[in-house]
Number of protein chains: 2
Amino acid sequence: MEIQKPYLLFLADAHDRLAAKVATGIRYWHPEYCVGQLRMAGCQVDCELPDLDIDAAAAKGAKTLVVGVANRGGVISESWVALLQQALERGMDLAAGLHNRLSDVPVLKETARRLGRSLFDVRHTSAVLPVGSGRKRSGKRLLPVGTDCSCGKMYTALAIEKALLARGQKATFRATGQTGILVSGAGISIDAVVADFIAGAVEVLAPDNEPDHWDVIEGQGSLFHPSFAGVTTGLIHGAQPDALVLCHEPTRTTMRGVDYPLPDLADCMALNLKIAQLTNPLARFVGISINSAHLSEPKALEYMADLERQFGLPVADPFRQGVDRIIDNL
Amino acid sequence: MEIQKPYLLFLADAHDRLAAKVATGIRYWHPEYCVGQLRMAGCQVDCELPDLDIDAAAAKGAKTLVVGVANRGGVISESWVALLQQALERGMDLAAGLHNRLSDVPVLKETARRLGRSLFDVRHTSAVLPVGSGRKRSGKRLLPVGTDCSCGKMYTALAIEKALLARGQKATFRATGQTGILVSGAGISIDAVVADFIAGAVEVLAPDNEPDHWDVIEGQGSLFHPSFAGVTTGLIHGAQPDALVLCHEPTRTTMRGVDYPLPDLADCMALNLKIAQLTNPLARFVGISINSAHLSEPKALEYMADLERQFGLPVADPFRQGVDRIIDNL
């Protein structure tokens, strides 16, 4: 799916930045995609974009209204529907990554059908996907892998894409989850595909490319997470990564949502490498990305220096230091 | 899903035993489930069951007509529909494991709805599944794992269930694919669930049980198959196997459907053990099951004796020798 830009970011009545993380992610990574924000009464988030109503956004050329918030339960609130319908009538498509679908709201489905607009429910794919072939593709690929879920893999991938592009290199972020899809405007939510097609979906997502082009593929889950390691395995096999980056949040004591310890970093790297080398025997780790938000600056720097000595790889927190030292190692 | 027994096996116009492998599998493993077979003109397969038409099968108490054949493309032939409809009208449910669904044939869907019958499209699940929890469950579990797809994992699991039951032990075969579901009458086709729920589906399929009960779970794919390893990983994590059996077909030179070599057996066992020990640290291999159909008896015995010396584990071809020596090692 390819979502038309530019976007009007719909912040609804979001009470905090976490509730608006899709909108803040798009604003942070791709301000050039955004013509403005639409806030309802009570909204307490500001993406520092012009406040536009539907008419003003349409006049400024907005092609898609993106639902940039997730409320409790991930549902489409009834109080939003009139505004969403108005956006369709003013010529915009709609995009959302919520659990329930835009296309399950009858008035939105009917209005979109009547006017020929698209509803992008990016958590769900209707694409017919192939089974993975394992055939080696041209071009280069980088994949962040994690000790856990939600430890910085998307942030790392977006930072690496941005840094490569800033150096004039060819690079494309390939989104594999709903937030990444809305941030970048394209992708496949691979945890929502049928199990037989995980690797095949990633093969489609990151196809043959120029020899010096880097696909920077969004990572998902962890090989050590008992709920989601199947998704991670298929993702690694489909990605055929030349370069792996280990992502880790060093203050976490158990894995997200389950009572399992975090893996040892060396053990985690060894298993990821073993799995990756099935479809790309040249796969190797090029760096370690640390989410050190919960450490003080001195503690974070000391921790990363220790890891760097231990593994002989560049170690960086993309938010504190950028990823230049990691991509120097590509 | 739980399919009502006994069955009428529908062989349609199958030209050879491979086309009728679902029917021959049910007949071989569970003759007590079968009241008879229904063959159309031109059918060249005989399951050595009474030939019954729909009326006669209904009179003998058949509860479900099972489509026991797969034609090219896995479709429901138009020439079958009148017979399938008649079975519904005589009180039977329908079950099939084809790509396209019984419920997508309007007249079957409408007839079933009108009469309150069930249509079991066992390749597809409508169950609402949880994400895997990784919580250790009570009871014992055995899982065959393979060097490749289609190398004897279902046969091995069914043979082990049968041998355990013959010894008076508590055991249940848990089907994870369409043939296994139709052979045993229950299960979840895990390659058809949404990727996020692979491990969770297996947790539901093989729930808490008595301490001395063995769930014998049907294996799927291979950790070394670039198309399907994600499914295999989630299956292993959800199964939490206490006992693993390696399944191997020694004459194969590339993996099914892809140009990849078969893995080294020691390497394959090491990776399966590594993955299994995430959710069950006590997982271990208890034997090796060889599909030696393409070797002469002397060559097969020599090959298996070599493996037994190399790995120090019981090695057997379940078809030639049974699985007693493997289950002696549980």
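**Notebook: two chains and how they meet**

I began with one residue, H213(A), and listed what it touches. Leaving out residues up to four places away in sequence, I found G139(A), K140(A), K170(A), A171(A) and T172(A) in contact with H213(A). I kept in mind that this model is predicted.

Next I asked where H213(A) sits. It is in strand β8 of chain A, which covers residues 213–217. Is H213(A) buried or exposed? Its relative accessible area is 6%. The cut-off for buried is under 20%, so H213(A) counts as buried.

**Entry: the two copies**

I then compared the chains. Two copies of a chain are related by a rotation about an axis and a shift along it. Here I looked up both parts. A rotation of 180° with a shift of 0.1 Å along the axis puts chain B on chain A, with an RMSD of 0.1 Å. That is how a two-fold axis relates two copies.

**Entry: the interface**

How many residues of chain B are in contact with chain A? I noted 33 residues of chain B, and they contact 33 residues of chain A. I also checked whether the copies use matching surfaces. Of the interface residues of chain B, 100% are also interface residues in chain A, so the copies meet through the same surface.

The size of an interface is often given as the accessible area lost when the parts come together. For chain B and chain A I wrote down about 2,500 Å² buried between them. Carbon and sulfur atoms account for 60% of it. Three residues, D196(B), Y260(B) and L278(B), supply 20% of the area that chain B buries against chain A.

The rule finds two salt bridges across the interface of chain B and chain A. I also looked up the salt bridge between K274(A) and D267(B). Their closest N and O atoms are 2.7 Å apart.

**Entry: helix α10 of chain B**

I tested the length of this helix. It has 15 residues, 297–311. At 1.5 Å a residue, they should span 21 Å. The end C-alpha atoms are 21 Å apart, which agrees.

Which residues of α10(B) are buried? I noted A300(B), M304(B), L307(B) and F311(B). Seen down the axis of α10(B), the buried residues fall within an arc of 60°, so they line one face of the helix. They pack against α9 (265–279), β10 (284–290), β11 (315–316) and α11 (318–321) of chain B. On the other side of α10(B), I found P298(B), K299(B), E302(B) and R309(B) exposed. Just after the helix comes G312(B), with a positive phi of about 65°.

**Entry: backbone angles**

I looked at the peptide bond from K5(A) to P6(A). It is cis, with omega about 0°. P6(A) lies in the segment before β1 (7–12) of chain A. In chain B, the bond from K5(B) to P6(B) is cis as well, with omega near 0°. P6(B) is in the segment before β1 (7–12) of chain B.

Then I turned to positive phi in residues other than glycine. A12(B), in strand β1 of chain B, has a phi of about 50°. A12(B) has 0% relative accessibility, so I marked it as buried. S150(B) also has a positive phi, near 50°. This residue lies in the loop between β6 (140–146) and α5 (153–166) of chain B. At 45% relative accessibility, S150(B) counts as partly exposed.

How values were computed: Residues are numbered from 1 along each chain as its sequence is written. Chains are lettered from A and ligands numbered from 1 in the order in which they are written. This is a predicted model: local features need pLDDT of at least 70, side-chain atom pairs count only at pLDDT 80 or more; totals for chains, interfaces and linings use all residues. Side-chain values use heavy atoms; hydrogens and water are left out. Helices (H or I, at least four residues) and strands (E, at least two) are DSSP runs, numbered from the N terminus. Buried means under 20% relative accessible area, exposed over 50%, partly exposed in between (1.4 Å probe, protein chains only). Contact means heavy atoms within 4.5 Å. Copies are superposed by least squares on the C-alpha atoms of residues with pLDDT of at least 70 in both. The expected span of a helix is 1.5 Å times one less than its number of residues. The arc is that of the directions from the helix axis to the C-beta atoms. Buried area is the accessible area (1.4 Å probe) that two parts lose on being put together, summed over both. A salt bridge is a side-chain nitrogen of Lys or Arg within 4 Å of a carboxyl oxygen of Asp or Glu.
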